[in-house]
Amino acid sequence: MFTTGFKFFFGLFAAFCAAALVYGYTTGGNHVGPLSLGWKGGVGDHIGYGVLVALAGVSLTISLVLVSFRDADAAAQAHLQNLAEVLTDQPVAASFWPVVASFGVGAAAVGLVLHPMVFVLGLAVIVLSMVEWTMDAWADRATGDTAVNRELRNRIMAPIEIPVVGALGVGVIVLAASRILLTVSKLEAVAVAGVVSALILGGAWVYASRPGLGRRLVRVLGTVGALLLLIGGVLAAVAGEREFHPHTDDTHEESVEPTGGEHGG
Amino acid sequence: MTLTEPAIADSEAAPGAGGATAPEPSDEAAAAPSILAQPFVTSDAAAVGRLFVLTSLLLAVGTSVVGVLLSLGRTEAVAPWDLFGGFNAYFRMWTLYRMSFMLLVVMPLLLGVALAVVPTQVGAGNVAFPRAALASFWSWLIGAVIIVVSVLAGGGWGAIDGVTGNESDAMALTLLGTGMVIVALMLGAVTVATTVISSRQTGMSLLDVPPFSWSMLVAAAVWLFTLPVAIANLVVIYADLRGRPAIAFGRAESPDIWLQLDWLVEQPAVYIMAVPVLGIAVEAVGAAVGARSSRPEAITVIVGLFGLLAVGGWSQDYFTAPQDLRDGLVYVAFGLAAVLPLVALAGGAAELVLRGTKTPDRLLDVRMMGAGAALKLLGAAALVGALRVIEPLDLLETTATWAVFHGVVVAGLIAGVVALRNWSHELQISPLSVVVGRGAVALLLGGGGLLVLSDLISGFLADAPDLMALALDGSAALNVVALAGSVLVAAGAAAAAVGAVSALRTPVPAGEAA
């Protein structure tokens, strides 16, 4: 009767309505203003209330559209395709997001006691996991074909995941490499940068010239390299930066305490 | 292909519902995750169940070893505070033993069995929310790690001799870990309950589901009525502990934290662990002698009644004077009435034996022995519980409390062993070895019996309330009996864990299992 999509968006509609009411009354709303969209009384903070009501309206509209078109309704689809039987039991695809969500909860719990940054990181992981998990759950039920389901899911999520994961990867690499280069001496930094660059260039050249190279081997080498970089970055961060000797007007070099982000020379 | 093509029914229905059929999985979909990746990504509830069973049995070994050390501390051989390095440390381990046996051993063990067995029993291909089941396991495991590490780092559920700043942080972590474990167990319970309610085969009414599935439905409902109350306690305590007084009851320098949570391991709430034991016992006896109950509806009512009597969120006496609550009619009635369903269920099991095949090999079957042992211990626990609430006997704040606890948790462990033997196909493992099964059951029964007996008699001997049994003069012999009981329980838990590891090493593929 009520499809999965309808239930999800109708639930969102109810949640946004409740949020709008609470927000309205806690920001100065009076009488039945927040209940009557401002017809009989004030609604409190107009912008926040308006955003929440708009979100509720959008959710309600989507839910009605979904139920009208029988989204994720196996019986309706079977009728359309003239199928004799209703396909209902899709195997649920393997997913690592439940585990990631659990680790996020654990990180949030530990962070609540030990460090706010860990808590925020845990919350971010939980939110990310919930979004991904929701998409996986929707995709599992989108069609009767698991391969098509996966394709549908990737069509929506890959344009988001790839840039985000890429940006995170680049960020981690830059952060870890910079920690290493700032920890070792100037000469060693040049040597490390040169050797690592040469290794990356050489590896890419080998891979480009021999396309038949096993994907597994490349994956293993990439993983090992990334782990080494990460471990090196963590160790370097723990060891701290080397001392810098910036040039000044009066003296050629003066020893100063190391500070974050300072580049001397 | 559009986004409106067929999908699973609204209620995430089971296969077979409404004449529905499962589609052939594509080659890509059939590609199972590698054995290393499986524990992290699996959507197979039986695999999650195995993870729960194995991990909880391993934790059972660790917890029962702590129990041996605590019992050693009760004897005059070693002073308790010397054993762990101080009175606070002893108190930490004393509370860890109780919380761990409940939240990290018995409840997850039975939940793991349910995740594997219930879908098969109700005719569903999988549990209702397989990913939630996986999240339940990992959240529970991470919470368990947080609890153990924080307790070892000086945390725990309160302290008696005062705390330092670091210990206060560790205590906060213990509370958060406890909350995480409880939420994870509730998530698993919701998954199992939803499977029974909404994924049943067409034509199977709730009264038709097998006793174990019914008992898990009742248990899940009771857990969901009881455990959120403990979460509320934890929130209040946490707020107090972090310097933002909520009600200012949870002072870290006293055992007040424990006193707000101890209702969870005392009757009637302690029985929430035991509800699935009833279902396991009935089914195991029936399977062993090859008989079915002539009154299945009676079993349903008995299990439901026992579940009702296990709802215990209301029974905490921290916020009221103990005499107001625990001498009250309701508390006494709950304590006395808990014996009745167990007696009735024992009658039901006896009827099965009478109706079934009574050859020696069947009567000595691991399932038969185990079911009998679990029911005996549970019955003994309920009987002690009934004595405990009789006011003139003065047993309320004595070790009789732990006689009930020990009877219930050891019965739960035995039920786990029975389940490993009875449902090896559903768990997709090789059957538990007969020798190991019998050995584990005998050791656990002997150990549990000694613990119940010694705790009860110690309770009678106590001149004043003494929950930790540290001031019991003249009961040295009883303390030695308790130590022997703890050693036997630890040996039984170890045997069960070894048997489970051995059975899990040779998994039976799902197709063959069916």
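Okay, let's begin with chain A, where the secondary structure comes to eight helices and zero strands. If you read along from the N terminus, the pattern is simply α-α-α-α-α-α-α-α.

Before we go on, keep in mind that this is a predicted model. Its scores are ipTM 0.85 and pTM 0.82.

Back to chain A. You'll see that it is divided into domain 1, residues 1-88, and domain 2, residues 164-239. How far apart are the C-alpha centres of those two domains? They lie 48 Å apart. As for burial, 25% of the 265 residues in chain A are buried. And if you take the contacts in chain A with a separation of 6 or more, 46% of them come from residues 24 or more positions apart.

Now chain B. This one has 21 helices, and again zero strands. Of its 514 residues, 58% count as buried. Looking at contacts in chain B between residues at least 6 apart in sequence, 84% join residues at least 24 apart.

How confident is the predictor here? The average pLDDT for chain B is 86, and 87% of the residues score at least 70. Over residues 1-30 of chain B, though, the pLDDT is below 50, even though this stretch has 82 contacts in the model beyond near neighbours in sequence.

Let's pick out a few helices in chain B, starting with α6(B), residues 130-152. Is that helix mostly enclosed or open? Well, 19 of its 23 residues are buried, so α6(B) is largely enclosed by the rest of the structure. We can check its length too: at 1.5 Å a residue, the 23 residues should span 33 Å, and the end C-alpha atoms are 33 Å apart, which agrees. After α6(B) comes B:Gly154, with a positive phi near 105°.

Next up is α8(B), residues 211-241. It has 31 residues, which at 1.5 Å each should span 45 Å; its end C-alpha atoms are 43 Å apart, and that agrees. Where does α8(B) bend? Have a look at B:Leu224: the helix bends there by about 25°, and a proline, B:Pro228, follows within four residues. α8(B) is also followed by a glycine with positive phi, B:Gly243, near 85°.

Which residues are being covered? The buried ones in α11(B) include B:Ile299, B:Ile302, B:Val303 and B:Phe306. A reminder that helps here: an α-helix has 3.6 residues a turn, so residues three or four places apart point the same way. For length, the 15 residues of α11(B) should span 21 Å at 1.5 Å a residue, and with its end C-alpha atoms 21 Å apart, it agrees.

Last stop: a residue where the two chains come together. A:Ala94 sits in the loop between α3 and α4 of chain A. Is A:Ala94 buried or exposed? It has 20 C-beta neighbours inside 10 Å, so A:Ala94 counts as buried. Leaving out residues up to four places away in sequence, A:Ala94 touches B:Pro33, B:Val41, B:Thr42 and B:Ser43. Within its own chain, A:Ala94 is 42 residues along from A:Asp136, and their C-alpha atoms are separated by 9.4 Å.

Methods: Residues numbered from 1 in each chain as written. Chains lettered and ligands numbered in written order. Predicted model: local features only at pLDDT ≥ 70, side-chain atom pairs only at ≥ 80, totals over all residues. Domains from an automatic or database assignment. Helix = DSSP H or I, 4+ residues; strand = E, 2+ residues; numbered from the N terminus. Buried ≥ 20, exposed ≤ 12 C-beta atoms within 10 Å, placed from the backbone. Contact = placed C-beta atoms within 7 Å. pLDDT = per-residue confidence, 0-100. Expected span 1.5 Å × (residues − 1). Bend = angle between axes of the 7 residues up to and from the residue.
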